[in-house]
Amino acid sequence: MSGAIFDLPMLSLIRSALACFFTGTAVKLMDDYLDAPFDQMIGKRTWAAELEEGALPYALAALSLGAAAHPVWSVTLFWASYTMGMRGDLTRPLSLGLTGWQEALILGLLAFLFFDWQEMLTSWTAIFALQAIDDLRDRREDRLTGAGNWAVKWGVVETALAAALAVAVSAYLDLLKLVLVLLGSLVVVIIQESGAGTGGQTGD
């Protein structure tokens, strides 16, 4: 009995980590799929470029695995990533006829209706921090391609301060989620870049 009780926290940790990893994989695949024209401009290889039309089905499969592992974390992290991805389309009409900020508002209202406010807020701050860090890292490439980048638009110092604030809030409310999101994202990037690099070498 004591052994089973001891295993419960570890099982919960594993499921949470898997949710972050698989959801991060889904988001990365979809993001790379949408950014394919920009990536081609600078010769950047990604899994999405290698998979072509198969990128979206694989992204959906990864998201379903994340939701199976930890539904609340997976869905709130994906929704946060979706709204964050519309940062460059806030005033432009999208496929449904709504602007980016209108879609984000509707999604935000639904999120707070379906989930606890703290779950959504911690997912949003974790993804915001991750996006800000990613923009700081990719600012030179994004400046060349014209892709939306906070570090290019706001400035490096301002983006770094925003990232630090998001990290502080996320760590205060749910340190475990923040750590697993950052680690999961790092693993996803390493695996995808390694896979893309390998695919590029075999194709030459």
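Which side chain meets that of Lys177 in a salt bridge? The legends below, which describe a predicted model, begin with this pair.

**View 1. The salt bridge of Lys177 and Glu119.** The partner of Lys177 is Glu119, and their side chains meet at 2.9 Å, N to O. This pair links distant parts of the chain, with Lys177 in helix α10 (residues 156-203) and Glu119 in helix α7 (residues 117-137), 58 residues apart. Lys177 counts as buried because its relative accessible area is 0%, and buried means under 20%. Glu119 is partly exposed, at 23% relative accessibility. Side chains of opposite charge can pair when their charged atoms come close.

**View 2. The salt bridge of Arg137 and Asp134.** A search of the whole structure finds two salt bridges; one of them joins the side chains of Arg137 and Asp134 at 3.0 Å, N to O. Both residues belong to helix α7, and because they are three residues apart there, about one helical turn separates them. Asp134 counts as partly exposed, with a relative accessibility of 27%.

View 3. Helix α5 comprises 15 residues, 71-85. From the first C-alpha to the last, helix α5 reaches 21 Å, close to the 21 Å expected at 1.5 Å a residue.

Definitions and conventions. Residues numbered from 1 in each chain as written. Predicted model: local features only at pLDDT ≥ 70, side-chain atom pairs only at ≥ 80, totals over all residues. Heavy atoms only, no water. Helix = DSSP H or I, 4+ residues; strand = E, 2+ residues; numbered from the N terminus. Expected span 1.5 Å × (residues − 1). Salt bridge = Lys/Arg side-chain N within 4 Å of Asp/Glu carboxyl O. Buried < 20%, exposed > 50% of the residue type's maximum accessible area, 1.4 Å probe, protein only.
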